Structures are given as structure tokens and as C-alpha cells.
Amino acid sequence: MKRKLAFLFMLLGLGISHPLSVMQASESSEISTSAVNNSQDESPSKEKGSRQNPIPVGEVYDYVKKPREGAESHLSFTILESWRGAQAEKQLQKLAPSYQATRQPLDDDQEILLLHLKLAYKSGDENHEEFTNAGIINPFFDLSGSGIPNEYVADLPDELAFDMLSLYPGNEHDGYLVAIVPKDTPLIFSYFKGGLTDRVFFQVEKGQDTTVPTKEVQAETPEQAQWGTKEKPVPFTETKPINYVVPYEASDSGYGILAISHRITVLNAWRGDQANQKAMDLLSPDDYQHMADDMKSDQEFLVLHMESSLAPTLEDKLFEPSPSKSHLSLVDSQGQDHVSKGFYQFKKARDQYESRFMLGGGSVKGYVILPAPKGENLLLKVKNEFANKEIYFEIGSKNP
């Protein structure tokens, strides 16, 4: 039977918004250039199911989940078939003639992806259920490691859907997953088998090339190293590397240390009437109105276009989200923080900057919409818990 709400609450308990929250960051937030850029000086892992060696369409992936208590669960997951573009739309019409995946036409650079998936629960604790959980958290990445956000897709009829079902030992289920993806872009599919940081990667097309592209990353300059304080904020449109290290589970018997270089840029900013129009274009009508109604008379819209990126890393099962709104605030000339609460739905998920997932080498761009005090010179403060730092950014030219 359907267990949608229960499963979503279970995922929330795992910490969706902070997939690395179970790891304690090192107190040292400064790491050497060689540590940041060590990812492509070594041969990447070729383990089956890794990002460098994703499992082909049609091949069964067997795995074991080891709970803290109770019997091990023995399962298998398979992408049975896949279709893209016109073929996906044609297959959907055959499966469900009245089904419409989207409310409005796709953009010119988008297409439908349809996957036929199967989960088999071979053996385990008779009282323990496993869930068909693919597609709940953004499961698609391009080859660089950039996450593809889940755009709105209408629910499939129950008899065709894969997600949100529970299985007990000896049972299996196959069903379909529909997604909106960038047209003609090679993708990989990530399946989390035991938690948000324990992912297995699959091809989404037969015979596709899934070579991870190399990426040169410039070392932080002495000048960049000085940026980010309230007195010397990151200049508008410049990039600030935020360097830190985290431990990660390398095996059942130990942990490794992973060097991260997380880079943030404020690409553009709008205030006043321009920001108001931009917010109307980006937000759903209801959410725009709710945000406008909640603003005080001395506030105005501020829209920021931002980018987050990760330097390449060897650890391909690590996810690093772009900052959520709870980690962003505006600081006025008196040093007072202005924190925005609430979540507002964008018309297009790919326009949203907050909490987007990446792999090493990936990047995301998107918009943040904040209520801002009128007539104030403001800085954007980004709080990075893992580096134990607060980084300040200019959000407009000093000499417009």
C-alpha cells in the first residue's frame, strides 16, 4: 500500500537538508591547495556502481543493508528500460493514454525521461519493510556532477508508479519514474541504498559514455584568502573558495578525511521595482502574493542570482547542498542581521538556488528572493557550519 507521508517523515529524520550533518567537521577550515585539488591527481575508483563506472541499463544490482538490529536485508535494484524525448512521450501514451506529465509545455531545452525500475526484497527480517524510494531526492546528475532538480511531474497512476510502496521479504515491485531533464545531456541516476550519503550510480541510456570530465581548479589567491570578513567582504561577482575537511566512512573499520573546496559567487542582484518584477517572473503567483503580503512597509524585494560549485573530489558518494535560506541573512550598515523565514515555490525548480545537490566538480546556479530593508547598504552573510565560518559578500557594486 501507499506509504507516502510515512516515508517522507522517515527521510526527514535522516536529515535531507543536511546530508553531511552526521559528520563532524574539522576545526581547521584552512587546507592546503594540494589537498583541495587532489581529486584528479589519482586514478578514480572503478568499482561497479561508482560514479566513474555506473551500472548499465538492464543489469541487476544486488546489495545488502545491515541494520543495527535485526536480520540483514538482501535486495536488488534494476533499471529495466529507459526512454527519452519523443520515445518517452510515446511510451507514456501507450502505458496511460490519458496521462499528462506536465501542466504546461516543456522549455525548448527540456525533455521527458522515463525509467522502468524494479526493486526485489529477497530476504530479511519478516517484520521489516523496505521502500521503493528512487526519485524522492533529486536523483539525476550530469557527468560534471551538477544536480538536476526535480521539476514538477504529475503522479503516475498507482498501477504504474514505482515510488512510495513498501515491500516485505519475498516480494518485488516494478514501476515507472518520470522526470523532466535537460535535452541531449548525458546523465547518471543515483540510487540511495542505505542513506543519503550511500549512493549507487546507474546509466540511464544503453551504451552511453559516462566518462567524468576533468576540471582544472585555480588555487585560492592571497587576495581571495583575505576576502569574506565584514570589513573586507567578497567583491560583487567575485568567487570565494570556502575550504574545510570532513571525515567520511571509508570502510566498516575506519574513516578517511575528505578535503572540500566549496565555491560561492553572487552573480547579480536586483532591488526595488526590478526585483519585484523578477520575483513575479520566478515565483508561483500564490507564493509571490504571500511573500509580498508578509513584507513590512519598510521592506522591498531583493533578488540574488548565485552559483555554488565544488572542486573535484574522489569521493563520489558525497553530497554537498548549496546553502538553504536558514544559512543566508542580510546584514545592514549597523551590523544587524535580517533573517528571512519561510519557503516559497519557484515556477521552475531549476531556478531555485537553495539546497541543490552536487557531486565533486559539479555546480548549480539559481535565484534567492529575500525581503530587504529599504535604503540600506547590505551585505549577504553565508554561514558554513562545516568550515565554522561566516562569509560576507557584497551584493551590489560600490559605484553603480
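**Around helix α3**

Guide: The cover over the buried residues of α3 includes β2 (73-84), β3 (110-123) and β8 (171-182), where a contact means heavy atoms within 4.5 Å. Residues are numbered from 1 along each chain as its sequence is written. The model is a predicted one, in which local features need pLDDT of at least 70, side-chain atom pairs count only at pLDDT 80 or more, and totals for chains, interfaces and linings use all residues, while side-chain values use heavy atoms, with hydrogens and water left out. Helices (H or I, at least four residues) and strands (E, at least two) are DSSP runs, numbered from the N terminus.

Within α3 (residues 85-95), the buried residues are G85, A88, Q91 and L92, buried being under 20% relative accessible area, exposed over 50%, and partly exposed in between, with a 1.4 Å probe and protein chains only. Seen down the helix axis, these buried residues fall within an arc of 115°, so they line one face of α3; the arc is that of the directions from the axis to the C-beta atoms. On the face turned away from that buried side, α3 carries the exposed residues A86, Q87, K90 and K94.

One of the covering strands, β2, holds S76, which is buried with a relative accessible area of 6%. Leaving aside neighbours within four places in sequence, S76 is in contact with V60, Y61, D62, Y63, K118, L119, A120 and K122.

S329 has its place in strand β14 and is buried, with a relative accessible area of 7%. Residues up to four places away in sequence not being counted, S329 touches D337, H338, V339, L379, L380 and K381; the C-alpha atoms of S329 and L379, which are 50 residues apart along the chain, are separated by 8.4 Å.

Strand β14 (residues 328-331) pairs with β17 in the antiparallel sense over four bridges, two strands being paired if DSSP finds at least two bridges between them, and L330 has L380 as its bridge partner in β17. Five of the six residues of β17 (residues 379-384) are buried, so this strand is largely enclosed by the rest of the structure. Strand β17 also pairs with β18 (residues 389-394), antiparallel and over six bridges, and there K381 stands opposite Y392. The hairpin of β17 and β18 has four residues between the strands, and in it N388 takes a positive phi near 55°.

Elsewhere, an open antiparallel sheet of four strands has the order β6-β5-β9-β10. Its edges are β6 (147-148) and β10 (199-203), each with a single partner strand, so one side of each is left without a neighbour in the sheet. Strand β9 (residues 187-192) is joined to β10 by five bridges, the two running antiparallel, with F189 opposite F202 in β10.
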